[in-house]
Amino acid sequence: GHTINNFTIRSANSGLFYSIGEGATVKNLGLINPVVDAASGSVGILAKTNKGTIENCYVKDGKLVSKTGGSLGGLVYQNDYKGIITKSYVSGGIISTEYN
């Protein structure tokens with residue numbers, strides 16, 4: 001039942017976590033008004049990749065910004081074939097000057 005509010009990350013190829021590893025779990029976490037400003041690369045607000053479990057997490061009023069057209073994901077950029085996401089959602093927007 002924890003939240004992280006109003007944070008900004010300026011990074012390529014990342015999010016709050018770079019990767020949620022196999023066997024790891026992130027649960028009951030809300031990210032409110034986050035901004036991830038990706039100079040380049042692929043990013044998600046919670047994590048770039050998920051190989052573990054994300055449960056009961058959300059991003060509310062999140063913003064992803066990309067000036068180079070990198071691949072973007074509201075919660076995660078890439079959910080690995082072993083990754084599990086349950087009872088989670090995203091609200092917000094993606095701003096990109098390039099389509100990808």
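Ser14 touches Val36, Ser42, Val43, Gly44 and Lys48, leaving out residues up to four places away in sequence; contact means heavy atoms within 4.5 Å. This is a predicted model, in which local features need pLDDT of at least 70, side-chain atom pairs count only at pLDDT 80 or more, and totals for chains, interfaces and linings use all residues. Residues are numbered from 1 along each chain as its sequence is written, and side-chain values use heavy atoms, with hydrogens and water left out.

**Ser14**
- Ser14 lies in the loop between β2 (8–10) and β3 (17–20); strands are DSSP runs of E, at least two residues, numbered from the N terminus.
- With a relative accessible area of 13%, Ser14 is buried (under 20% is buried, over 50% exposed, in between partly exposed; 1.4 Å probe, protein chains only).

**Thr49**
- Thr49 belongs to strand β8 (residues 47–50) and is buried, at 13% relative accessible area.
- Beyond its neighbours within four places in sequence, Thr49 is in contact with Tyr18, Ser19, Ile20 and Gln78.
- The side chains of Thr49 and Ser19 make a polar contact (2.9 Å), that is, a pair of N or O atoms within 3.5 Å; within protein, one must be able to donate a hydrogen and the other to accept it, and residues adjacent in sequence count only if both atoms are side-chain atoms.

**Aromatic pair**
- One aromatic pair is found in a search of the whole structure.
- The ring centres of Tyr58 and Tyr89 are 5.4 Å apart and the planes are at 5°, so the pair is stacked (rings of Phe, Tyr and Trp, its six-membered ring, pair with centres within 6.5 Å; planes under 30 degrees apart are stacked, over 60 edge-to-face, the rest tilted).
- Tyr58 in strand β10 (residues 58–66) and Tyr89 in strand β14 (residues 89–96) are 31 residues apart, so the pair links distant parts of the chain.

Methods:
Helix = DSSP H or I, 4+ residues; strand = E, 2+ residues; numbered from the N terminus.
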